[in-house]
Amino acid sequence: MFYILVSSGHGTVLEAQIKHDDTGLYSHLTGVPKALLPGIGGKKILDFWWETVNMRQLFTEVYLVTNADKYKHYERWATANDFPVENVINDGSTTLEDRLGAVADLELAIRSRKLQDDIIVIAGDMLCADQNFDIAQVIRFFRSEPGELIIYYELEESEKSSSRGIVEVCPDTHRITRFLEKPQEGLTASRLASVVFYCLQRDTLSYLSDFLSLLPQATDRSFGRFWEWLINEKQLDVFGMKLPTGFQLIGQVGLSDYTKWLTHYSAKQQASPAKPITCRSYARVGLMGNPSDGFNGKTIAMTISNFWAEVTLVESQTLVLVPHPLNDPTEFGSLQDLFCISRKEGYLGGLRLLQATCKKFYQFCSKQGIALTKQNFTLKYDTNIPRQVGLAGSSAIVSATLKCLMKFYNITDNDLPRPIRANFILNVETDELFITAGLQDRVVQVYEGLVYMDFSKKLMEEQGYGNYISMDMSGLPSFWLAYLSDPSDSGRIHSNIRQRWLSGEPQVVEAMKTFAELTDQARTALQDRDWSRLAQLMDQNFELRRSVYSDDCLGPGNLKMVQLARQFGSAVKLPGSGGAVVGLCVDQARLVEMGQAFQEAGCVFCVITPYNPSASNVCSQH
């Protein structure tokens, strides 16, 4: 593969304004080619693109195309930076009027050096906001797709699409469906801007000469016009890869814009290492319909602010995952201490969740055509969610970790939409760690608040996720939660239900349909503020679950808590897989008395504080 830097523009606005600047601040830059102007971190702009590949054995050869007017500047730069001087190509033009055009310059390099392999083309005068860019990711993605590759980024709010080449990208295939060179306002809703950063296959290089034969005028021989022709007219397969960073072609801006963008990008670069990112995800209670989320059912669940998992990410020289002193113990007071901790909590702490999330995140971004920076980080976590009582403690750690990674790498909601994010979290647990789980917990922890979820087979097969609706949280009644201090006898809740459901056992199939019906009725009760009806439905949910799973499967601890709640006239059900119960006591006068009874029975009891996402920010930089 060959690497070609193109920097052959003439008579730019920036060059003219530097020459006629009266302040004297830029007099030392008079006549300097735009690619050799100062970039981020005090380096020349071209230095960055050369250093990106100079230390890596990624390319057969590197070339730089320039014009006769600026050739000597680049020759001196080449000798000073160990760039092969013989590979600096002079296109012979000296003025704007006799320029060849960008596509013609690229074709000159390929033809004159008889290049017969894939190539990567980059504009040498392009400011890149991300100085930790890894070009190897681009090459891997290019080789994984059956076509050409265009790099794009999401425009910042201050940037206009009319000044860029805009791409429309299919989110499923990453194929660019349309290319618009500096489109007029309203012509496209896309805010994805192409930059002069392309990969072309060997067999496609002949299209360059075909394009040039159609357009003899240099003004028409821009890369934007070439891609418009190749994609919109010739309909070749061209794919897009997103870089979560900004770019600016210096040749297209004046002095004020150059200094503005240089300051803007430099400030971003300097600010990024100093601020730790801390994100929270909250425990959840299943209020209705569970466990039908894993069986094409419907559920309603709610995040609660009583318990949470918190993950902190800070940039570091190497990638470090910090064990939690309590959840990932490596030191013990004695052999008996090790025995007691292992018997109660098992051998699997939260560190594996961090590692699996990072692994899956990199895999996802690589597959989706999102290039990540070469930045390392240290991850640590903390959680107060009780273990093994079915409050979604594991998925909360995964969810909080994912939030940190997205913020650190500037991955947006468009890159990883909320429904897909829930699938991602589930896949971390099921595919990587072989944890038995359904989508409910991950959906409610991504959407947060009170969420109605429909996992019907039709929806799941057609779009890959369900229908998720956030519900009004105002005026909710007082729900309560109780859980076992020692959940070791909480039962084997999932049992063999999946096998029975897959085999079409009528009792199980009908039960899952009934769970969905109860959920729709509960949604109506919540909307109508009919708390007595909601309480009845919660009791029905538990009895239906009990009939399908059996008392032996539910376990004596769970049954004991349910019986205790009913002695006080409270509705009660399991909020998750077992070890805890959630309830609604319509008679508030008996709530305190019931809480004391649970505590005297050796359980932990609390009144639930719902977590409302509209009232808080759970991801911050300090």
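## Salt bridges, helices and a surface patch

R178 forms a salt bridge with E168, and their closest N and O atoms are 2.9 Å apart. R178 sits in strand β8 (residues 176–181) and E168 in strand β7 (residues 165–169), so the pair ties together parts that are 10 residues apart in sequence. R178 counts as partly exposed because its relative accessibility is 30%. Some salt bridges share partners: R284, E429, D441 and R442 are joined this way into one network. This is a predicted model. The count comes to 28 salt bridges.

| Salt bridge | N to O distance |
|---|---|
| R178 and E168 | 2.9 Å |
| K43 and E51 | 2.8 Å |
| E75 and K72 | 2.7 Å |

Take E75 and K72. Both lie in helix α3 (residues 71–80). They are 3 residues apart, about one turn of the helix.

Next come K43 and E51, whose side chains meet in a salt bridge. Are they buried or exposed? K43 counts as partly exposed, at 36% relative accessibility. E51 is also partly exposed, at 40%.

Helix α2 covers residues 45–54. How many of its residues are buried? The number is 8 of the 10, so α2 is largely enclosed by the rest of the structure. The buried residues are I45, L46, D47, F48, W49, W50, T52 and V53.

Now look at a pair of helices. Two packed helices are described by the angle between their axes and the distance between the axes. Helix α19 (residues 556–566) and helix α20 (residues 591–600) have axes that come within 10 Å and cross at roughly 150°. That makes α19 roughly antiparallel to α20, because an angle over 145 degrees counts as such. The crossing of α19 past α20 is right-handed.

Q588 lies in the loop between β20 (580–584) and α20. Q588 is partly exposed, with a relative accessible area of 40%. How far is Q588 from E145? The two are 443 residues apart in sequence. In space, they are 62 Å apart, C-alpha to C-alpha.

Finally, the surface. F332, L335 and L338 make a nonpolar patch of about 280 Å². F332 is found in the loop between β14 (320–321) and α9 (335–345). Its relative accessible area is 31%, so F332 is partly exposed.

Terms used:
Residues are numbered from 1 along each chain as its sequence is written. This is a predicted model: local features need pLDDT of at least 70, side-chain atom pairs count only at pLDDT 80 or more; totals for chains, interfaces and linings use all residues. Side-chain values use heavy atoms; hydrogens and water are left out. Patches are made of residues with over 30% relative accessible area and no salt bridge: like charges are joined within 9 Å, nonpolar side chains (Val, Leu, Ile, Met, Phe, Trp, Tyr) within 5 Å. Accessible areas come from the Shrake-Rupley method with a 1.4 Å probe; for residues, only the protein chains shown count as cover. A salt bridge is a side-chain nitrogen of Lys or Arg within 4 Å of a carboxyl oxygen of Asp or Glu. Helices (H or I, at least four residues) and strands (E, at least two) are DSSP runs, numbered from the N terminus. Buried means under 20% relative accessible area, exposed over 50%, partly exposed in between (1.4 Å probe, protein chains only). Axes are lines fitted to C-alpha atoms, for helices over the stretch in contact, and angles run from 0 to 180 degrees between N-to-C directions. Angles under 35 degrees count as roughly parallel, over 145 as roughly antiparallel, 65 to 115 as roughly perpendicular and the rest as oblique. A crossing is left-handed if the near helix is turned anticlockwise from the far one by less than a right angle, and right-handed if clockwise.
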